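Colleague: I have a few minutes before group meeting. Can you walk me through this model?

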Amino acid sequence: MAAHRSGPLKQQNKAHKGGRHRGRGSAQRDGKGRVELKVLCKKARKELSRVDQRHRASQLRKQKKEAVLAEKRQLGSKDGPPQQVLVVALHNRISVSEAFHLLQDRDIGTVHLNEWGSTRSFMLLCPRLKHRWFFTSARPGDLHSVLDMAKVADTILFLLDPLEGWDSTGDYCLSCLFAQGLPTYTLAVQGVSGLPPKKQIDARKKLSKTVEKRFPDDKLLLLDTHLEAEMLLRQLANQKQRHLAFRDRRAYLFAHAVDFVPTEENSLVGTLKISGYVRGQTLNVNSLLHIVGHGDFQMKQIDAPMDPFPLHPRVIKSQKDPGLAMEICATDAATDMEEDLKILMKADPDRQESLQSEVIPDPMEGEQTWPTEEELSEANGSLRETSKVVKKVPKGTSSYQAEWILDEGDAGDGEGEDYGSELEDFMEKKSQDESSEEEEEEECETMTVGESVFDDLYDEKMDDEAEEKMLEKYKQERLEEMFPDEMDTPRDVAARIRFQKYRGLKSFRTSPWDPKENLPQDYARIFQFQNFTNTRKSIFKEIEGKETEGAEVGWYVTLHVSEVPFSVVEYFRRGAPLITFTLLPHEQKMSVLNMVVSRNPGNTEPVKAKEELIFHCGFRRFRASPLFSQHTAADKHKFQRFLTIDAALVVTVYAPVTFPPASVLLFKQKSNGMHSLIATGHLLSVDPDRMVIKRVVLSGHPFKIFTKMAVVRYMFFNREDVLWFKPVELRTKWGRRGHIKEPLGTHGHMKCSFDGKLKSQDTVLMNLYKRVFPKWTYDPYVPEPVPWVKSQVSSTVPESDME
């Protein structure tokens with residue numbers, strides 16, 4: 001009788017492990033000298049009881065509340081700077097002058113008007129509320145002035161339309177301000193009282209839904225009467241302040257008055273006296289001063305004149321009538337107060353920061369000197385020790401010929417290796433069917449249409465040359481999307497000469513590449529940090545812990561800035577704001593900045609690499625021609641020829657050092673003078689060693705296929721090029737890998753072997769790489785753009801209607 005055998009599905013139970021007894025000696029041997037952690041008592045670990053933990057938490061909350069209250073009380077008080085409020089109208093129906101008229105209420109406080117060209121501003125002093133405000137507004141349509149004034153504004157007052165909220169121009173302005181970083185803001189609606197009483201409630205509900213998209217959980221205030229203006233002022237005074245990191249670590253100043261003293265040698269250069277309130281940090285005369293849009297300068301001294309807008313002005317009683325008191329403002333008695341002018345600090349040449357922004361390269365640096373006999377003998381000895389390699393060579397081979405023979409492991413035939421790779425998408429576009437257009441044209445021929453004057457005017461504004469250039473850029477961008485990095489091999493120039501700066505890589509991710517290899521001459525002019533992160537941390541820690549001497553926050557001072565061109569004064573007199581920032585150590589030096597940006601969805605025009613763009617990087621504004629590269633975590637980053645829409649890219653440019661965090665806005669100047677926002681992002685790092693690698697893909701077509709062997713043509717057009725690029729690995733669009741075996745004939749045909757069978761519809765590719773560097777096109781001067789309000793109106797309204 002046959003015995004029962006269990007099948008493969010029999011349940012297998014886990015065996016019970018009873019364990020064995022281990023003595024102290026075996027445990028010590030297994031521990032190999034490890035010592036157990038010592039358990040500290042509560043007192044040693046500084047652990048608090050539950051009551052003490054609650055008490056400490058309440059103390060921390062109390063300290064934070066006191067800090068917020070102290071900040072509120074200082075801003076706008078007699079000891080602090082006036083609260084600077086930037087008024088921005090988000091609709092063309094909004095009148096800033098009407099809002100200013102409501103806020104300039106003599107019953108609330110004293111008003112001091114100040115007109116700088118077309119820039120309107122006034123100071124409002126309210127002793128009853130113990131607060132003072134400084135209201136400003138930018139020139140209509142000047143977007144750069146709005147952005148510059150928002151960098152130093154304590155509060156932004158947005159004026160909304162009661163029906164639409166904001167128009168396309170206001171939405172564009174909001175996009176720029178959000179990307180730069182918003183300080184404290186308030187929303188006010190102007191014109192609700194002008195609507196019928198029945199429509200006012202519906203308009204406010206509809207406006208609230210519209211505002212929720214941009215400003216969720218924010219209240220709307222009305223601004224139609226003097227009472228509502230007073231309520232708005234109370235709201236501005238009691239708001240919690242939002243901080244911008246790039247300005248809280250630097251001292252900055254908004255110019256209230258400017259005076260220019262030319263030098264004796266040149267009347268176009270002189271000393272610029274800038275008066276204003278110190279904000280942010282303590283202002284030291286030995287640090288450098290950056291005037292936004294004009295560059296970096298040195299200060300000679302800091303004066304402390306009388307505050308022209310005191311909250312409690314001096315009261316001088318008249319000698320004729322002792323009972324009659326007259327308030328004298330400091331602005332009216334400036335000539336009588338010259339004796340009160342104090343000099344706070346004068347620059348110390350030994351401690352003053354240098355204006356040197358570039359390294360002066362030494363042409364003899366790195367030159368090789370002739371070695372001595374001892375050094376030659378040591379080098380020969382070390383070569384003999386290290387250069388002995390055993391190789392298999394044919395009989396009769398000399399030692400010189402043996403040096404050029406490669407080992408078998410150096411060049412494999414590719415069989416048996418892992419050739420996993422991602423397939424690249426091949427996009428095909430069908431030609432558009434024009435039959436429907438022809439039918440429409442036939443129908444239009446039977447109709448009689450009069451001449452259109454508007455079309456003639458439209459054609460007169462058309463720039464044919466600009467249209468052709470834009471069409472060519474669209475074609476290039478489309479080809480780059482369909483065939484990334486592919487390039488036709490030139491027939492008039494040998495490929496080994498055309499691509500002599502390129503190299504092949506076994507793996508783009510893992511193959512080594514020295515970041516100090518073949519650097520351009522411009523790299524001898526820049527500065528590089530040994531460890532940028534540690535330098536940034538040490539500077540920020542020094543700012544927080546060290547007490548610097550100079551003008552304190554809230555003081556009204558006059559800065560004497562030396563070697564300033566007269567164009568800065570002209571810029572201020574035209575109505576543009578003059579804004580200054582002090583620089584942290586090393587921020588005047590040139591280096592390579594890397595910024596992460598994303599394409600603005602409202603702009604669809606192609607932007608090619610190395611085109612001139614306008615940058616708003618933190619507190620700086622400049623022009624430069626950047627490179628685009630992929631945002632990856634590897635040591636090499638692939639160059640992008642166009643600014644893509646679907647992914648974030650890294651922008652690389654030569655620019656002065658700026659310590660992050662800092663927001664970045666990229667603008668492009670159009671042919672009509674307008675500046676359009678193309679990308680927004682933030683500053684990533686200051687790193688000249690970040691390698692941007694440009695890839696070129698040469699393509700060939702299989703001519704004859706023999707299983708894993710194929711004859712490829714049209715990649716090269718002469719025999720010498722095939723031999724030159726023979727060591728470079730090949731790949732195909734369908735994922736095959738291979739290499740060149742030998743050339744065939746003299747017209748560039750070559751025999752290639754692959755790791756699998758090749759398809760006739762496949763394409764053979766060769767990847768070549770080289771490192772690229774940005775152009776030195778940094779320019780701190782940015783031309784004034786065409787006002788975007790006027791340009792928008794002129795683009796939508798015919799000229800006849802405008803006249």
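Modeller: Here is a quick tour, from the overall build to local details.

Modeller: The model is predicted: local features need pLDDT of at least 70, side-chain atom pairs count only at pLDDT 80 or more, and totals for chains, interfaces and linings use all residues. Residues are numbered from 1 along each chain as its sequence is written, and side-chain values use heavy atoms, with hydrogens and water left out.

Colleague: How many helices and strands does the protein chain have?

Modeller: There are 20 helices and 32 strands. Both are DSSP runs numbered from the N terminus: helices are H or I with at least four residues, strands are E with at least two.

Colleague: What share of the residues is buried?

Modeller: Of 803 residues, 41% count as buried. Buried means under 20% relative accessible area, exposed over 50%, partly exposed in between, with a 1.4 Å probe and protein chains only.

Colleague: And how much of the contact count comes from residues 24 or more positions apart?

Modeller: They account for 76% of the contacts with a separation of 6 or more. Contact means heavy atoms within 4.5 Å.

Colleague: Let's go inside. How many residues are in the largest nonpolar core?

Modeller: It has 49 residues, and Phe158 and Phe215 have the most contacts inside it. Such a core is a set of buried Ala, Val, Leu, Ile, Met, Phe, Trp, Tyr and Cys residues joined through side-chain atoms within 4.5 Å.

Colleague: Which residues does Phe158 touch?

Modeller: Leaving out residues up to four places away in sequence, its partners include Val88, Leu90, Leu174, Leu177, Tyr185 and Phe215.

Colleague: Helix packing next. At what angle do α4 and α8 cross?

Modeller: Roughly 80°, with the axes of α4 (residues 96–103) and α8 (residues 226–238) coming within 8 Å. Axes are lines fitted to C-alpha atoms, for helices over the stretch in contact, and angles run from 0 to 180 degrees between N-to-C directions. The two helices are therefore roughly perpendicular. Angles under 35 degrees count as roughly parallel, over 145 as roughly antiparallel, 65 to 115 as roughly perpendicular and the rest as oblique.

Colleague: Which residues make the contact?

Modeller: His101, Leu102 and Leu103 of α4 meet His226, Ala229, Leu232 and Leu233 of α8. They divide into five nonpolar, two polar and no charged. Here Ala, Val, Leu, Ile, Met, Phe, Trp, Tyr, Cys and Pro count as nonpolar, Asp, Glu, Lys and Arg as charged, and the others, Gly among them, as polar.

Colleague: Switching to charges. How many salt bridges are there?

Modeller: The whole structure has 26. Each one is a side-chain nitrogen of Lys or Arg within 4 Å of a carboxyl oxygen of Asp or Glu.

Colleague: What does Arg620 pair with?

Modeller: Asp296, with the closest N and O atoms 3.5 Å apart. Arg620 lies in strand β21 (residues 620–624) and Asp296 in strand β12 (residues 295–304), so the pair ties together parts 324 residues apart in sequence. Arg620 counts as buried, at 1% relative accessibility.

Colleague: And Arg623?

Modeller: Arg623 forms a salt bridge with Asp779, 2.4 Å from N to O. Arg623 is in β21, while Asp779 is in the loop between β32 (764–772) and α19 (788–796), 156 residues apart. Arg623 is buried at 16%, whereas Asp779 is partly exposed at 24%.

Colleague: What about the phi of Lys610?

Modeller: Positive, about 70°, and Lys610 is not a glycine. Most residues other than glycine have a negative phi, and most peptide bonds are trans. Lys610 sits in the loop between β19 (590–599) and β20 (613–617).

Colleague: Thr707: buried or exposed?

Modeller: Exposed, at 52% relative accessibility. Thr707 also has a positive phi, near 55°.
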